[in-house]
Amino acid sequence: MILWIARIILFFPLLITHPTWIVGKRNIPKGKVILCCNHYSNWDAVLYNVYNFKKPRFLAKKELFEGKFMNWFMRGVGAFPIDREANDITAIKNCMKFLKEGKQLFIFPEGTRLVNDEEVLGEIKSGVSLIAVKTQTPIVPIWIRNRPKLFRRSVYYVGKPFELSEFYGQRLDEPALQAANKIIREKMIETGVQGKKKEEKKSRDAKKAKKKRK
């Protein structure tokens, strides 16, 4: 209920100040799924949740839950806290619990925001791979084209789902987790590259069609 109220209040103001396209939503399967997205700003999760019309659960730094109102609001919109300075076992257990309930889990696998637009993608934290393998959950890579700015369109490219099935039943030691992290990273970057190519092709086709009409 809180999330829908927030969406109703924020949708039209954000449509003007932060117009957002989510391209490829059909790639998201029904049921449990981990949505892995790169991270530029605090607006990233907000814009996705306002324009997505579903209620994925997502991790947020514990500092955002300070105070009774913020704790109530953050949990109401589907967030739950994580301590980024420690190995937060409780947060990992919560992730697994939500996935076992068949819910969507929206995660920034880098664990923090990119400092500047020149960075491609930060280090993938092993918690994401651990959760995906232990719960045998498909992963959908999402790539935000650029840092959200006032009156500039934000674009989220949604890639095709994949699974880390080659690690199912294996001992998840550090080398195995690092190998899984590498796959997630490559899939995310690939989603961004392919999304950009498709958008450029669409733009070129539109220009050609316009010239023909003239």
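**Helix packing and a nonpolar surface patch**

Helix 1 gives the most to the nonpolar patch, with three residues. The structure is a predicted model, in which local features need pLDDT of at least 70 and side-chain atom pairs count only at pLDDT 80 or more, while totals for chains, interfaces and linings use all residues. Residues are numbered from 1 along each chain as its sequence is written, and side-chain values use heavy atoms, with hydrogens and water left out.

The patch lies on the surface and is formed by I5, I9, L10, W43 and V46, which together have about 420 Å² of accessible area (Shrake-Rupley method, 1.4 Å probe, with only the protein chains shown counting as cover for residues). Patches are made of residues with over 30% relative accessible area and no salt bridge; nonpolar side chains (Val, Leu, Ile, Met, Phe, Trp, Tyr) are joined within 5 Å, and like charges within 9 Å. A salt bridge is a side-chain nitrogen of Lys or Arg within 4 Å of a carboxyl oxygen of Asp or Glu. Two or more residues come from helix 1 and from helix 2 (43–52), and V46 lies in helix 2.

Helix 1 and helix 2 pack at an angle of about 100°, with their axes 9 Å apart. Helix 1 is therefore roughly perpendicular to helix 2 (65 to 115 degrees). Their contact (heavy atoms within 4.5 Å) involves L3, R7, L10, F11, L14 and L15 of helix 1 and W43, V46, L47, N49, V50 and Y51 of helix 2. By class, ten of these residues are nonpolar, one is polar and one is charged.

Helix 1 (residues 2–17) also packs with helix 3 (residues 68–76), at an angle of about 90° and with axes 8 Å apart. I2, L3 and A6 of helix 1 meet W72, F73 and G76 of helix 3; five of these residues are nonpolar, one is polar and none is charged.

Notes:
Axes fitted to C-alpha atoms, helices over the stretch in contact; angles between N-to-C directions. Helix = DSSP H or I, 4+ residues; strand = E, 2+ residues; numbered from the N terminus. Nonpolar A, V, L, I, M, F, W, Y, C, P; charged D, E, K, R; others polar. Parallel < 35°, antiparallel > 145°, perpendicular 65-115°, else oblique.
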